Amino acid sequence: MTAHPAPSEFEARTNATFEALMWALSRPGLTRDLPAPGQAGIVEALLDRECNVHCADPDLARIAAATGAALVTQEQADHLFLDMLPGADALRQIALGSDLYPETGATLVCNARLGQGAALRISGPGCNGAVDVKVAGLPDGFWQMRARLMRYPMGFELFLVAGAQVLGVPRSSQVEVI
Amino acid sequence: MSLETLTKSWEPMSYGFLDASAKREIRRKTLKAIAVPGCQIPYASREVPMARGWGTGGLQVSCTLINPDMRVKVIDQGADDSVNAASIRKFLARVSGAPVTMDTLEADLIQSRHRIPEEKLREDQVLVLQVPNPEPLRPVQPNMSIARQMHADADYGRMWLQLYEQIVRSGRVMQGASYPSLVNGRFVMTPSPIPRWDVPKMDMAAHLTILSAGREKRLHAVPPYTRVEPLVFDDVPFRVEDHGRLVCTRSGARGFFMNEIPQEDGTSSFEVSDSELGVKTIHRRDGDAARIGETWYTDGEMAQ
């Protein structure tokens, strides 16, 4: 039998990043470990020239542009990488997809502090009962605005990144501020 | 920008067969499928060295997920040793170096054609189902643009009508496999042609299920702990196959989904469909050590 190929460093890293993202979204509220801290790993695992991306950080925008993705405004982006949201109103500019094509809703990646701040109760698919988490660093009224904007199956996916930790909140999750 | 940054070093082939851009597309689509349980997400469905209709959809998802630490199990109608299962398992091991297993308890990734193993899957396991026809509405609406609109409107009246007509004509629901099921109270999906026996296993299951149709170029997913309800009328309860009392003639396993083997005298004998469960039952009967995990069904009854 021929020798099997070994994964390159890039392949191993992107594979592990996706596995973390997949499980983060499958089990909302449970944090997963990314192979490297920061949002750049998510960019290289998901983006290529088929994507429209919006990056707040100019350094990250350079990395995203190198993948071939088009740099566009928030409204046109299918992937958004933000550091901190200026206010809950910024969510109004995020693509929610349509009932016909729910998958065109955007993926929003932003930084937050996990394990401190506002207490949230997440329920829905992927939650065995309800999951309580604490998230700080999001603007006031963020979760209320998210609930107001999204009409399932339209919506956006949210990944909160804190260093090398990621927490996923799919559109199917109900988030209650407690 | 230099030539160095635009190119990568030469490799004899991509790890896991699919190239990086194919994997990225499947990753993006898989995330959306998990976020909208039961909704069919279109994807490009690349060529793999296997004919469409033989599990290319499942194979592409497996090739995307696989890494050298992921233990793979492949089954075809419950059997680990059929040609389709053996070939896919060999292919996956060859292109990834991932270890393989036949034991459901040891597997991290299970690619399956038309069965869910009888032993309960755990929170860290992924089940990839091969799907021939991902569109539950196709029998009632062949036009896929209209079917998409019906999904968008959650307009599933015709599905109920179809079931009603079966009951009126035949006295019972005739749908044997791919029983239409409502996921998370919103999308009707086909659970792939698994027998009715396996449908209740999906409801609030601990594992992640990804269903991928390579020929039809769509994938959908059922995340862990998600409601999956077979479509039924209040007064006509959902019934699984009457296999609860059957005994496997080879292993003596009782109360699991069976393969019926016609005999020359016109009768039938039965063999447990989950082949590895049968093997483990035989080992245990012979006094060898074999660990059989908790099963979904005990004595032919689904635990509530």
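Modeller: We will take the labels one by one.

Modeller: This is a predicted model: local features need pLDDT of at least 70, side-chain atom pairs count only at pLDDT 80 or more, and totals for chains, interfaces and linings use all residues. Residues are numbered from 1 along each chain as its sequence is written, chains are lettered from A and ligands numbered from 1 in the order in which they are written, and side-chain values use heavy atoms, with hydrogens and water left out.

Biologist: Why does S273(B) count as buried?

Modeller: Buried means under 20% relative accessible area, exposed over 50%, partly exposed in between (1.4 Å probe, protein chains only). S273(B) has 2% relative accessibility, so S273(B) counts as buried.

Biologist: Where is S273(B) placed, and which residues does S273(B) touch?

Modeller: S273(B) is in the loop between β11 (268-272) and α8 (275-285) of chain B. Helices (H or I, at least four residues) and strands (E, at least two) are DSSP runs, numbered from the N terminus. Contact means heavy atoms within 4.5 Å. Leaving out residues up to four places away in sequence, S273(B) touches Q77(B), G78(B), A79(B), R115(B), F257(B), M258(B) and N259(B).

Biologist: What makes α3(B) mostly covered?

Modeller: In α3(B), 10 of its 10 residues are buried. Among them are T56(B), Q60(B) and L65(B).

Biologist: Which residues touch the most other members of the largest nonpolar core?

Modeller: A nonpolar core is a set of buried Ala, Val, Leu, Ile, Met, Phe, Trp, Tyr and Cys residues joined through side-chain atoms within 4.5 Å. The largest one has 92 residues, and M22(A), F81(A), L65(B) and V126(B) touch the most other members. Helix α1 (residues 9-26) of chain A gives the most to this core, with seven residues.

Biologist: Why does this core lie between domain 1 and domain 2 of chain B?

Modeller: Domain bounds come from an automatic or database domain assignment. Domain 1 (20-136 + 178-227) and domain 2 (144-176) of chain B both give residues to this core, so the core lies between them. Apart from it lies another core, of 32 residues, including L82(A) and F142(A).

Biologist: How do you know that the two domains of chain B touch?

Modeller: 14 residues of domain 1 of chain B are in contact with 13 residues of domain 2 of chain B. The area buried between these domains is about 1,100 Å², and carbon and sulfur atoms give 52% of that. Buried area is the accessible area (1.4 Å probe) that two parts lose on being put together, summed over both. Y179(B), R186(B) and R196(B) supply 37% of the area that domain 1 of chain B buries against domain 2 of chain B, more than any other three residues.

Biologist: How many salt bridges are there between those domains?

Modeller: Between domain 1 and domain 2 of chain B the count is zero.

Biologist: How many residues does each chain bring to the contact?

Modeller: Chain B brings 49 residues and chain A brings 47 residues. The area buried between chain B and chain A is about 3,900 Å², with 62% from carbon and sulfur atoms.

Key
Salt bridge = Lys/Arg side-chain N within 4 Å of Asp/Glu carboxyl O.
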